[in-house]
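Thanks for coming. I will take the ligand site to begin with and then an aromatic pair. Please have the viewer open.

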Amino acid sequence: KKAIIAIDGHSSCGKSTVAKDLAKELGFVYIDTGAMYRTVTLFAMRNKMIVDGKIDEVALLQDLSDINISFKYQPEEKLNETFLNGESVEQQIRGLEVSNNVSAISAIGFVRKRLVELQQEMGKEGGIVMDGRDIGTVVFPDADLKLFMTASAEIRAQRRFDELTTKGEAVDFNAILENVKQRDHIDSTREESPLMQAEDAVVLDNSHINKEEQLEWIINVLKERN
Ligand code: C5P
């Protein structure tokens, strides 16, 4: 069976960039579990199941099985496009509005249970790099390699700011920094599968190294293990 690589860590620390590069290098499939929580959040927002941060859990639970999430790799843009019931929602799930609501949605037990099942199904054959918050602790506790990534909140906010500004979004740095800190707090203190470093995870602090150096570092860890 091909390997399972689990990457967990804080918001906006470049997990997905590293995960994508690594998957490409190894010929593995990349799965972005944050996109799955974001898609459920978008669905809840569109159906008025979350208004001013208040969630109608009964309605969400009732409609949970109507949410079909899929991914399609777009080679030109080197992007894994996310679909909600057949509609591309890649742009919408990355906006600040979804970002502001996603931690509340992902703190709900039945949402996590459903998405964890889907993730385990997607990865069961191996040959995957999956990133998120609970991959090494809950989704694949027996993963072949677990990475825990982090970087300072300011550096992460700056990266997110640069990314959104490049896309032409008018954003405020302090609002982004607040969002990063707020998500760290909710993700690490929630009752259901809080963001936690697995005991056997290898820590990668990328505050001061670029993506090529990160990839090289991980490939070396893999080589040392084989
Ligand atoms: O990775 P990304 O920042 O896109 O994830 C968005 C949010 O989804 C996180 O802040 C977290 O609340 C939630 N999440 C989670 N478990 C995962 C992946 C994401 O709770 N495995």
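Start at Thr33, where a polar side-chain atom sits 3.0 Å from a nitrogen atom of the ligand. Keep in mind that this is a predicted model. As for area, the ligand taken alone exposes 450 Å², and the protein buries 95% of that.

Now the shell. There are 15 residues around the ligand, and those that come nearest are Arg38, Ser106, Arg112, Asp187 and Arg190. By class, the shell has seven charged residues, six polar and two nonpolar.

Which helix gives the most to the shell? That is α2, with four residues. Helices α2 (33-46), α5 (96-105) and α9 each supply at least two.

Next, the aromatic rings. The structure holds one aromatic pair. The ring centres of Phe161 and Phe173 are 6.1 Å apart and the planes meet at 75°; planes over 60 degrees apart count as edge-to-face, so that is the label for this pair. Phe161 belongs to helix α8 (residues 153-166) and Phe173 to helix α9 (residues 173-189), so the pair links distant parts of the chain, 12 residues apart.

Notes
Residues numbered from 1 in each chain as written. Predicted model: local features only at pLDDT ≥ 70, side-chain atom pairs only at ≥ 80, totals over all residues. Heavy atoms only, no water. Phe/Tyr/Trp six-rings, centres within 6.5 Å; stacked < 30°, edge-to-face > 60°. Near = heavy atom within 4 Å. Polar contact = N/O pair within 3.5 Å; in protein donor to acceptor, adjacent residues only side chain to side chain. Areas by Shrake-Rupley, 256 points an atom, 1.4 Å probe, with all protein chains shown as cover. Nonpolar A, V, L, I, M, F, W, Y, C, P; charged D, E, K, R; others polar.
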